[in-house]
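The following note sets out several points for a colleague who is examining this entry.

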Amino acid sequence: MTDPCASATVQIDARPDVVYRLLTDLPTLASLAEEAVAMRWRKGDAVRPGAVFAGRNENGHRSWTTKCTVTDAEPGRLFAFEVTHTVLPIARWQYDIVADDAGCRVTESTWDRRPNWFRKLAGMATGVPDRAAANAEHIRLTLQRLKHRAEAE
């Protein structure tokens, strides 16, 4: 796999299973994310490869929906999903959790899967012309919120 277009890591003073549970609970994940405002199961009702959920995203007055298919679900270790819009690939999001003596380290990464011809159109539709920079900031905020939430439990 190629390098992600945005990625960051945070140390969290919480057990890996607690962090995994927060990341895989769709309402919680939506509350932690910057653009995602709602997520709900469309196929299946639990986190496992092949399960599908819909995501509703907002940026200012703009909104859009995506289809997300779970590709990896390893409790306490890994959660990942592929994002599409209609038939177009959009992104891959991945959360790697590594246990350590202080709790765990969580790395959130994303890969831009959009076809080149679609990137400018998507930027206009979402109001985000520089997706890599926006995602880097969104990941920073999401991980900050995740750390706060997990350590409060």
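This is a predicted model: local features need pLDDT of at least 70, side-chain atom pairs count only at pLDDT 80 or more; totals for chains, interfaces and linings use all residues.

1. Cysteines. The count of disulfides comes to zero. Cys5 is in no disulfide, and the nearest cysteine sulfur, which belongs to Cys68, is 15 Å away; a disulfide would require the two sulfur atoms to lie within 2.5 Å. Cys5 is partly exposed, its relative accessible area being 34%. Cys104, by contrast, counts as buried because its relative accessibility is 0%.

2. In soluble globular proteins, nonpolar side chains tend to be buried together. The largest nonpolar core here has 38 residues, and the members that touch the most others are Ile12, Val19, Phe81, Val106 and Leu146. Strand E6 supplies the largest share of this core, namely six residues.

3. Surroundings of Ile12. Which residues does Ile12 touch, leaving aside those up to four places away in sequence? Its contacts are Val19, Ala102, Gly103, Cys104, Val106, Leu146, Lys147, Ala150 and Glu151.

4. Salt bridges between helix H4 and a loop. A search of the whole structure finds 13 salt bridges. One of them joins Arg145 and Glu34, whose closest N and O atoms are 2.7 Å apart. This pair links distant parts of the chain, since Arg145 belongs to helix H4 (residues 131-152) and Glu34 to the loop between helix H2 (26-32) and strand E2 (36-43), 111 residues apart. Arg145 is partly exposed at a relative accessible area of 29%, and Glu34 is also partly exposed, at 34%.

5. A buried charged pair. Arg131 forms a salt bridge with Glu35, with the closest N and O atoms 2.9 Å apart. Arg131 lies in helix H4 and Glu35 in the loop between H2 and E2, so this pair ties together parts that are 96 residues apart in sequence. Are Arg131 and Glu35 buried or exposed? Both Arg131 and Glu35 are buried, whereas Arg145 and Glu34 are partly exposed.

6. Glu137 and Arg140 form a salt bridge whose closest N and O atoms are 2.7 Å apart. Both residues lie in helix H4, three residues apart, which is about one turn of the helix. Glu137 is partly exposed, with a relative accessible area of 35%, and Arg140 is partly exposed as well, with 42%. Elsewhere, salt bridges that share partners join Asp72, Glu82, Arg92 and Arg113 into one network.

7. Nonpolar surface patch. Trp117, Leu121 and Met124 make a nonpolar surface patch of about 360 Å². Trp117 is placed in helix H3 (residues 116-126). With a relative accessible area of 56%, Trp117 is exposed, because exposed residues are those over 50%.

8. Backbone at Thr86. Thr86 has a positive phi of about 55°, although this residue is not a glycine. Thr86 is found in the loop between strand E5 (78-85) and strand E6 (88-100). At 63% relative accessibility, Thr86 counts as exposed.

Definitions and conventions: Residues are numbered from 1 along each chain as its sequence is written. Side-chain values use heavy atoms; hydrogens and water are left out. Helices (H or I, at least four residues) and strands (E, at least two) are DSSP runs, numbered from the N terminus. Buried means under 20% relative accessible area, exposed over 50%, partly exposed in between (1.4 Å probe, protein chains only). Patches are made of residues with over 30% relative accessible area and no salt bridge: like charges are joined within 9 Å, nonpolar side chains (Val, Leu, Ile, Met, Phe, Trp, Tyr) within 5 Å. Accessible areas come from the Shrake-Rupley method with a 1.4 Å probe; for residues, only the protein chains shown count as cover. A salt bridge is a side-chain nitrogen of Lys or Arg within 4 Å of a carboxyl oxygen of Asp or Glu. A nonpolar core is a set of buried Ala, Val, Leu, Ile, Met, Phe, Trp, Tyr and Cys residues joined through side-chain atoms within 4.5 Å. Contact means heavy atoms within 4.5 Å.
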